[in-house]
Amino acid sequence: MRNVFVYCEVNEDGVIADVSLELLSKGRKLAAALGLKLEALVIGSDVKELEKTLYPYGVDVIHYANDKRLFPFSTLPHAAITAKLFEQEKPEIVLFGATSVGRDLAPRVASKLTAGLTADCTSLEIGDHEDVKTGKKYERLLYQIRPAFGGNIIATIVNPETRPQMATVREGVMKKEIFDADYKGIIKNIDVTEFVNDTDFICEIIDRHIEAQKVNIKGAQIIVSGGYGVGSRENFKLLYDLAELIGGEVGATRAAVDGGFTEHERQIGQTGVTVRPKLYIACGISGSVQHRAGMDQSSKIISINTDKDAPLNAIADYVIVGSLHEVLPKMVKYYKQHSK
Amino acid sequence: MFKIIVLVKQVPDTRNVGKDAMKADGTVNRAALPAIFNPEDLNALEMAIQMKDRIKDAEITVVSMGPGRAAEIIRESLYRGADKGYLISDMKFAGADTLATSYTLSMALRKLEPYNVVICGRQAIDGDTAQVGPQTAEKLSLPQITYAETLEAIDTESVTVKRRLERGVETVKSPLPCLITVHSSAAPCRPRNAKRTLRFKRALTPSELQASSTDYSAMLESCSYLRIREWSAGDLQAEPQRLGLSGSPTKVKKIENVVLAHKDAKMLTAADADVESVVVELMGEHII
């Protein structure tokens, strides 16, 4: 009762998605800070290596709903199971991936439970709170921290009165960390027929085309990333040239993706992926809070910008004030010259 | 008649934030941000108009929750293809989080029953939460289809929609009524129609009518289509404790202006010597 729960997503290969393992890693720390257990909710069909995958993250209890009809994800049955289980178990905290699935499911469950939910958190902490109006004190709440209002501010959100405290977090924001390779928990099977009705299956999935992830910027050690300042899809080629040469991947800001310069799966930031490469070469990126939230843990940052006062320059190790049309080809040239 | 309801929101244009968007005390200077039609709500309106094009005997009702000036986007919807508008406005709604907002909208939708489908944008750019659509659906026990990209088929019994997911697409068929949230990759909204713009130019809410220096009341009397209805908390028969700040389980504990911790960056130019020095340094450290 009153534990920390993570809704674990099952991906196309029938295994637990990375984002859920990241959340379990964070959930383990939150549970430890609160002296609670960590529980996982898995809804799917014949999930592979379930226990072997989850226990090392410090999972004490796996709640498992296993039914052919539960994969692929469909809102109503998953929401029915999740809400009913939470009504029984009364979690203190629940975390969901801010994915197509999590962002569809979590709000529906929060509404059903009349619970507070914060989307796309970039940080989660435990702390106390005092209501300024009533003077009422609350201990050890979940601080749900996220950029807000177009990234001009960072807001800390709390849910003082309602439980569970719910949050969604994007893939890559939390670090995936094994807690104890020999950790053992228990598995509790959910009686699916008791939790869902036939009427929960009224929406029919007619067709699905899920592509394997082509781009793996999350795992890349070097990222050459472009913002709106790159100007066009053609100009992005300069970034690809350098990335290919030095063994990196190409990333982009939301503005560059919205501008059609490159694919959405390369988007870095609060609404894209979070990366921690050894080297981040930012080209024509002014550096909104949302973008920085996705890359500010890079070990080294080079900012190439014609504007010497671009906000991103403040967190850069090297600032090259100049046009990327000039700088990128020169980097290519000198890399080739010195690697001989 | 097939009834389509579109939920729309007027939002500050957070995408074009200028330097004066933040006040000296670190709070948001809303006055410096233009108010616009939430972009994905325009995609939603387009999908509604496409439904009307196919079903023919259909009516589009636009509902917006917001302050008085949100009537602007209701009129904009009328110019582009909507038939009717409702403004849900009350000081009691102030400070609503997504749960209180979805409760308020669901009470308005209950008053508009029966309807066949509810459509809204996936998310609003001032919050980017994407929560109000699913939460409104839950409150009304409607099935939901999120991230809709293409309307594949529609009849009076069901709708088939292609959804945009992170790594692919999915086609879903749902019985009606249901709630659909529309993704930015869906068709952009058609522009204003000249005839409609003339027809609805004087569409006004009761508050606007009162505030207007010209007396349009006789005109609105004879042309009822020019009336934008306005509903308050009382009209919705909503429970007061579920509205606005008191109906919001999430509370803002702290707002911080974004302050950058300055690193001591090496400042360089595009000169050959400078670029070469960076490359050599990185190669020396085996980073590249």
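Here is a short chat about a predicted two-chain contact and a few local features.

Student: How many residues does chain B put into the contact with chain A?
Tutor: Contact here means heavy atoms within 4.5 Å. Chain A brings 79 residues, and the number from chain B is 76.

Student: And how much area do chain A and chain B bury between them?
Tutor: Buried area is the accessible area (1.4 Å probe) that two parts lose on being put together, summed over both. Carbon and sulfur atoms carry 58% of it, and the total is about 6,800 Å².

Student: Which three residues supply more of chain A's buried area than any other three?
Tutor: Together they supply 11% of the area that chain A buries against chain B. They are Arg108(A), Phe149(A) and Tyr318(A).

Student: Which residue of chain B forms a salt bridge with Lys300(A)?
Tutor: A salt bridge is a side-chain nitrogen of Lys or Arg within 4 Å of a carboxyl oxygen of Asp or Glu. The rule finds 7 of them across the interface of chain A and chain B. For Lys300(A), the closest N and O atoms are 3.4 Å apart, and the partner is Glu285(B).

Student: Where does the largest share of chain A's side touching chain B come from?
Tutor: Helices (H or I, at least four residues) and strands (E, at least two) are DSSP runs, numbered from the N terminus. The element in question gives 9 residues, and it is helix α9 (residues 324-339) of chain A.

Student: What is the bridge partner of Thr156(A) in β12(B)?
Tutor: Two strands pair if DSSP finds at least two bridges between them. Strand β8 (residues 153-158) of chain A and strand β12 (residues 251-257) of chain B run antiparallel, joined by 6 bridges. Thr156(A) has as its partner Lys254(B).

Student: Why is the pair of Phe5(A) and Phe86(A) called edge-to-face?
Tutor: Rings of Phe, Tyr and Trp (its six-membered ring) pair if their centres lie within 6.5 Å; planes under 30 degrees apart count as stacked, over 60 as edge-to-face and the rest as tilted. The structure holds 7 such aromatic pairs over all chains. In this one the ring centres of Phe5(A) and Phe86(A) are 5.5 Å apart, and the pair is edge-to-face because the planes sit at 80°.

Student: How many residues apart in sequence are the parts that Glu92(A) and Arg2(A) tie together?
Tutor: Glu92(A) forms a salt bridge with Arg2(A), with the closest N and O atoms 3.8 Å apart. Glu92(A) lies in the loop between α3 and β4 (93-97) of chain A and Arg2(A) in the segment before β1 of chain A, so the separation in sequence is 90 residues.

Student: Which residue does a cis peptide bond join to Arg163(A)?
Tutor: Most peptide bonds are trans. Here omega is about 0°, and the residue joined to Arg163(A) is Pro164(A).

Terms used: Residues are numbered from 1 along each chain as its sequence is written. Chains are lettered from A and ligands numbered from 1 in the order in which they are written. This is a predicted model: local features need pLDDT of at least 70, side-chain atom pairs count only at pLDDT 80 or more; totals for chains, interfaces and linings use all residues. Side-chain values use heavy atoms; hydrogens and water are left out.
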